[in-house]
Amino acid sequence: MKGAQRLCDKGRVLDSSGVVMAKNSVANGEIFLIDYKCEPKGLRAIFESEEFGVFDKPSGVLSHPNGRGCKYSLYDEIWSLYGRSAAVVHRLDKETSGVILVAKNLASLNALKMLFENRAVKKSYFALVSGRVEREFVIDEPIGESLEADEVAIKMRICENGKKAITEIYPIEYFSEFNATLVRAVPLTGRQHQIRLHLFHVKHKILGDPLYGTDTATFEAILDEKLSVEERINLTGASRLCLHAANLHFEFNGKIYDINTKSDFKAKFLKSLKV
């Protein structure tokens, strides 16, 4: 009964009139159920245990399905491999590539989520940023929600009364042809868009970022895929967000896991800078 009510609440039950049934409504005639059909593309985990798997998510793939219009997400893969009890433990933005943790069952999901909530998971990322970064440094700037009415709802901002946010930045390689630096970013806190906003704040915007450093109209045009590759590169510096989750380090059930990406992210970053 609870399961049936949950389906109704999610708008996945229709009757013969074609109207999505609201809570406590009465069905008439035939009843239809909208279900999620998995269409996997063959993505496989780069690491597996009995409790979880770790995937190298490509840029452009949603971590979660975002409604009926979603044609493909990581769930197409994980539900096909592990069943409907599997779920991603944490999120990566659609354009952020890299390692993402997937629980194979509800018990593992709850336990692994607690590790993230307790900051017991160490993460590191690589980003290709504008300008030359010559030395390592720490960004310690609080982050809060944007208050501007004309800005995108998900956009964050640096503000004094925001939540504490700290990111360590380490330069790796400078590319003079593009005046861009590959950096390793280590977030010591887990705020929304932390690395993207922090690097934008210190004038080293991540190349390809559609949100920070662009106006609302440009962001929406990129989101709706209305710009050509050349137009996007001209506006943001790359055809994708050049941010890659590279490592997860944590202890779980008495074992220490140190999982690294298998992707050649640097080559993919550089390829995205050209048409």
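Colleague: At what pLDDT do side-chain atom pairs count?

Modeller: Residues are numbered from 1 along each chain as its sequence is written, and side-chain values use heavy atoms, with hydrogens and water left out. This is a predicted model, in which totals for chains, interfaces and linings use all residues, local features need pLDDT of at least 70, and side-chain atom pairs count only at pLDDT 80 or more.

Colleague: Which residue in the turn between E13 and E14 has a positive phi?

Modeller: The two strands form a hairpin with two residues between them. A positive phi, of about 50 degrees, belongs to one residue in that turn, Asn-253.

Colleague: Which residue of E14 is the bridge partner of Phe-250?

Modeller: Phe-250 belongs to a cluster linked by ring pairs, together with Phe-47, Phe-52, Phe-252 and Tyr-257. Its bridge partner in E14 is Tyr-257.

Colleague: How are the rings of Phe-52 and Tyr-257 arranged?

Modeller: Rings of Phe, Tyr and Trp (its six-membered ring) pair if their centres lie within 6.5 Å; planes under 30 degrees apart count as stacked, over 60 as edge-to-face and the rest as tilted. The whole structure holds eleven aromatic pairs. For Phe-52 and Tyr-257 the centres are 5.1 Å apart and the planes are at 80 degrees, so the arrangement is edge-to-face.

Colleague: How many residues apart in sequence are the parts that this pair ties together?

Modeller: Phe-52 is buried at 0% relative accessible area, and Tyr-257 is buried at 10%; buried means under 20%, exposed over 50% and partly exposed in between (1.4 Å probe, protein chains only). Phe-52 lies in strand E4 (residues 52–57) and Tyr-257 in strand E14 (residues 255–260), so the separation of the parts they tie together is 205 residues.

Colleague: Which residues does Leu-112 contact, leaving aside neighbours within four places in sequence?

Modeller: Contact means heavy atoms within 4.5 Å. With those neighbours left aside, the contacts of Leu-112 are Val-89, Leu-101, Ala-103, Phe-52, Phe-250 and Phe-252.

Colleague: Is Ala-127 buried or exposed?

Modeller: Ala-127 is found in strand E7 (residues 122–130). Beyond four places in sequence, its contacts include Val-183, Ile-206 and Phe-269. Because its relative accessibility is 0%, Ala-127 counts as buried.

Colleague: Why do the buried residues of H6 lie on the same side, and what arc do they cover?

Modeller: In helix H6 (residues 229–236), the buried residues are Arg-232, Ile-233 and Thr-236. They lie on the same side of H6 because the arc they cover around the axis is only 100 degrees.

Colleague: Which helix do the buried residues of H6 pack against?

Modeller: Just after H6, Gly-237 takes a positive phi of about 100 degrees. The packing partner of the buried H6 residues is helix H5.

Definitions and conventions
Helix = DSSP H or I, 4+ residues; strand = E, 2+ residues; numbered from the N terminus. Arc of directions from axis to C-beta. Pairing = 2+ DSSP bridges.
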